[in-house]
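Please look through the model below before reading my points. Keep the sequence at hand.

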Amino acid sequence: MEEIILLKLGELVLKGLNRRRFEDKLIANAQRRLRALGKFKVYTKQSTMYVEPQSPDCDMDRAYEAMSRVFGIVGLSRARACGKTKEEMLEAACSYLGDELSKAKTFKVESKRADKTFPMTSIQLSQWVGGELDERYPNLKVDVHSPELTVHLEVRDAAAYVHADPKPGAGGLPVGVNGRAVSLLSGGIDSPVASWMIAKRGIALDMVHFFSYPYTSEEAKEKVLTLAKELTPWCGRLIVHVVPFTDIQEELRRSCPEDLFTIIMRRFMMRIAAQVAGRVQAGAIVTGECLGQVASQTMEAMGVTSAVTDLPILRPVVGMDKEEIVTIARKIGTFETSILPYEDCCTVFTPRHPRLRPTEEECRAAEASLDIDAMVRAAVEGIERIKIDP
């Protein structure tokens, strides 16, 4: 029989009456990632998702890598399907895992019997196949506690499956089951990580980037688009809404107190993000703010920033330290791009002594001379929308 990919479901198995909706979304997300890699059949059964190639030109290596980044999957294995007799499972293990069995020094066999009509218990099957493998491979020694190689046997309704040690999946929930949000994407380390973390909880994203040409360069814009591209294997297709922000920043420099410049600038970002959210039917705004990291991320500053919109502000990295964020950035592949030396709009006109504990009243007073609605409307009307495909 052909090689397939077995995907183990995570939190989805705990869902009640809504479980089918979660599984349908997971299947749809997987099918989209596989579309360019060949013709695959994707379905779920007995808390497992199956990815079966339907033609010989399917790219199994790339399919396996793609499935490792699909949220909602906690483990995955490339497996060989075979008949449901102990002898067929033994022969499948020898032919499919022969190289691994020849190289390993210690091993064990683990069996799962989802098909309860199978005549042997899981322990009996493991003992029989393990004994036969021990005789066939003189290099092997049984070690049930910390084996170098674990041979997995799964007896299911349609067939039995043989595979070796599974790979951890992305975890979380399928993107899209918890609605949509807009995420503020800068060129730094934090915002891509925040976007990844919130997508992991099943939220589909539109990205919003504030671009202040000529104070920030075209290279800085391309850096952000590259970050979005690096997120697509996890988040799926993204739309980046590039907001022209130069006029707003120049007006704030002319009209507002210097020590409040950054916090008022961020209030405008929230207003514009809320407008984008309304256009794309998003229910929240996501930021990469981390408590106490910079002056605009004190508790008071974040409160004043949030006050301009009724939408929830999701801050998934708010309680993390920098090393924790960097670790995730390396894991998801955004770190090296994030540290490229191109500035973003947050570094434009940085005040020498920013206010650490601003109040809503003083920010409103500083904004009193501004035509806020007109400034926001002009920025929103000038948005460039760029589609980023995986």
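1. Basis. This is a predicted model: local features need pLDDT of at least 70, side-chain atom pairs count only at pLDDT 80 or more, and totals for chains, interfaces and linings use all residues. Residues are numbered from 1 along each chain as its sequence is written, and side-chain values use heavy atoms, with hydrogens and water left out.

2. Sheet. Two strands pair if DSSP finds at least two bridges between them.

3. One pairing. β10 (residues 180-184) and β13 (residues 285-286) run parallel, over two bridges. Ser183 has Val286 of β13 as its bridge partner.

4. Core. The largest nonpolar core has 38 residues. Such a core is a set of buried (under 20% relative accessible area, 1.4 Å probe, protein chains only) Ala, Val, Leu, Ile, Met, Phe, Trp, Tyr and Cys residues joined through side-chain atoms within 4.5 Å. Leu205 and Leu238 touch the most other members. Elements supplying at least two residues each include β11 (204-211) and β12 (238-244). Helix α7 (a DSSP H or I run of at least four residues) gives the most, with six residues.

5. Leu205. Its contacts (heavy atoms within 4.5 Å), not counting residues up to four places away in sequence, include Leu238 and Val286.

Terms used:
Buried means under 20% relative accessible area, exposed over 50%, partly exposed in between (1.4 Å probe, protein chains only).
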